Amino acid sequence: MCSFPSVHFTSEKGLALQLVNDTGAVSVKGSVVKASTSVEEGFSLQTAEYDTIGIVYQNGVTNGNRCLVVITGIAEVLLADGTASTMGNWVLASATDGRADATQNIPPGGGVQEHDEHFKEIGHCLETKSSGTDVLAKVLLHFN
């Protein structure tokens with residue numbers, strides 16, 4: 001029987017749960033994650049660009065241990081290397097595992113491409129950041 005994970009408020013004004021790290025490595029703050037398919041109350045790195053459940057809040061938590069994952073509110077999200085973020089843009093799960101893309105300002109059209117991209121959405125960017133390596137950008141989360 002599972003126990004309910006502890007709830008925490010982060011300094012960025014996010015709501016985080018303690019979930020079990022099932023990434024196979026130590027946790028990295030800002031990583032985009034999905035529900036684990038092998039560990040109860042667990043998470044793994046997002047690999048398919050859909051069905052994101054949260055953003056890792058803690059660095060260095062070893063695999064198999066509980067780690068804070070932001071599920072709503074504001075979180076610092078790890079951008080795909082070499083991409084920038086623009087305030088107001090949609091933020092999507094990236095094709096790079098565990099990373100986000102904050103470069104798109106997709107109009108709310110009704111075409112197939114817009115709907116496909118919409119279901120990759122994890123929130124809206126709250127700050128502009130230059131591209132680089134392991135850049136974190138604040139995002140107001142909401143998962144589609």
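Is Cys125 buried or exposed? Cys125 is buried in this predicted model.

**View 1. Two cysteines, Cys67 and Cys125.** Cys125 has a relative accessible area of 2%. Cys67 has 0% relative accessibility and also counts as buried. Buried means under 20%, so both residues qualify. The disulfide count is zero.

**View 2. The largest nonpolar core.** This core holds 19 residues. Val32, Ile55, Val77, Val91, Ile122 and Leu141 have the most contacts inside it. Five strands each supply at least two of the core residues: β6 (66–78), β7 (90–93), β8 (100–104), β9 (121–125) and β10 (136–141). The largest share, four residues, comes from β6. Another core lies apart, with eight residues. Leu17, Val33, Phe43 and Val61 are among them. In soluble globular proteins, nonpolar side chains tend to be buried together.

**View 3. Contacts of Leu141.** Residues up to four places away in sequence are not counted here.

**View 4. Strand β6 and its partners.** Ten of the 13 residues in β6 are buried, and the strand is mostly covered. Strand β2 (residues 14–21) runs antiparallel to β6, joined by seven bridges. Here Ala16 stands opposite Val70 of β6. Strand β5 (residues 52–56) pairs with β6 over two bridges, again in the antiparallel sense. Val56 faces Val69 of β6 as its opposite residue.

**View 5. The β6–β10 pairing.** Six bridges link β6 and β10, which run antiparallel. Val77 stands opposite Ala137 in β10. Val77 is also one of the residues with the most contacts inside the largest nonpolar core.

Conventions
Residues are numbered from 1 along each chain as its sequence is written. This is a predicted model: local features need pLDDT of at least 70, side-chain atom pairs count only at pLDDT 80 or more; totals for chains, interfaces and linings use all residues. Side-chain values use heavy atoms; hydrogens and water are left out. A disulfide is a pair of cysteine sulfur atoms within 2.5 Å. Buried means under 20% relative accessible area, exposed over 50%, partly exposed in between (1.4 Å probe, protein chains only). A nonpolar core is a set of buried Ala, Val, Leu, Ile, Met, Phe, Trp, Tyr and Cys residues joined through side-chain atoms within 4.5 Å. Contact means heavy atoms within 4.5 Å. Two strands pair if DSSP finds at least two bridges between them.
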